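Please look over the model shown here before reading the notes on its parts.

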Amino acid sequence: MTIFFMIFGDKTVYHVQAYLSIRSFQKQMKEHDRIVVITTHPEFYASSGTDVIKVTNENIKEWQGERNFFWRAKIKAIEYMSNQYPDDHLIYLDTDTFLYGSLDAIRALLDQGHGMMHLKEGHPSTMMTRSLRMWKQIAGKQYGGITMGMEHEMYNAGVVALPKEKAKSIASLALALCDGMLEDDVERIVIEQYSLSIALFEHTQLLECDNYIGHYWGNKPEWESLAYNLIANAHMKKMSLAEELEQLDFTRKDLPPIYIHHSSTGRRLKDTIDKLFKDKNQKYILSDNE
């Protein structure tokens, strides 16, 4: 099995998120499993225990295609990995994910030919604003030989797991779907996510994997703090990889929630209060010539 990430840019927080996710999978990996990081900044992964594929900004631009759609690069990365590792099941991961269930259970489902994405979100016809606008533009149309219908539900693409026998076909269909919708200038918000959902639905029995893999897009600050603490402990205490993995425990009762609903009214009130009562008397260190 090959588990992989695609991380562009030098914003440290994304690499910190990836570090936590990498360690969560390493805790359960078998001898022939591997983790691959596709990134513009391989220096962040010098001590990660992963394989690294360096890409350039030019590579990214090429993967985005003629229509310059950033998330098309996710499908291209999956296509690339299906060609690089044709004998492996593939799991693509967003950085803000972590394994807390059984990796062997995921492996068994992939062995049976199932595809997996993080969570079923429903059909876009039932959604609000931009997703609904997308659906109205594509309903009944055909892309990549597939007619867009009510059977095609939307899944969250923070995790995309592909069985090895179907990986190339899934990537090819997802790319055709994505490019067809881009050609028709469809609402862009979730095109790559919907393309992957449809491609996996058409080629596999598509399952959710949120009972195995957490996706904390709805509470990033607390999980990022956990990841920073993990890195700081490992570095300051000079832990070995084995020691680091030993301290990583996703069965703890005090783990932060993966999602928090923040009141929009509370947020507006806080913004108003912050504007009315601004911090004052800030002091800075002075250089010698000041």
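The notes below cover a sheet, a helix pair and a pocket.

This is a predicted model, in which local features need pLDDT of at least 70 and side-chain atom pairs count only at pLDDT 80 or more, while totals for chains, interfaces and linings use all residues. Residues are numbered from 1 along each chain as its sequence is written, and side-chain values use heavy atoms, with hydrogens and water left out.

- An open sheet has 7 strands in the order 3-2-1-4-11-6-12, with mixed pairing; strands (E, at least two residues) and helices (H or I, at least four) are DSSP runs, numbered from the N terminus.
- Strand 3 (51–54) and strand 12 (206–208) are the edge strands, each pairing on one side only; two strands pair if DSSP finds at least two bridges between them.
- Strand 6 (residues 115–117) pairs with strand 12 in the parallel sense over 3 bridges.
- Methionine 116 has leucine 207 in strand 12 as its bridge partner.

**Helix pair**
- The axes of helix 2 (residues 57–64) and helix 3 (residues 72–84) come within 8 Å and cross at roughly 100 degrees; axes are lines fitted to C-alpha atoms, for helices over the stretch in contact, and angles run from 0 to 180 degrees between N-to-C directions.
- Helix 2 is therefore roughly perpendicular (65 to 115 degrees) to helix 3.
- Glu62, Trp63 and Gln64 of helix 2 make the contact (heavy atoms within 4.5 Å) with Arg72, Ala73, Lys76, Ala77 and Tyr80 of helix 3.

**Pocket**
- The largest pocket holds about 540 Å³ of space, a volume being the space filled by probe spheres set on grid points, which are joined across faces, edges and corners.
- A pocket is an open set of points on a 1 Å grid over the protein atoms alone, where a 1.4 Å probe fits, with protein on both sides within 12 Å along at least five of seven lines.
- Of its 24 lining residues (an atom within 4 Å of a point), Trp71, Lys74, Tyr92, Asp94 and Asp96 are the closest to the centre of the largest pocket.

Definitions and conventions. Angles under 35 degrees count as roughly parallel, over 145 as roughly antiparallel, 65 to 115 as roughly perpendicular and the rest as oblique.
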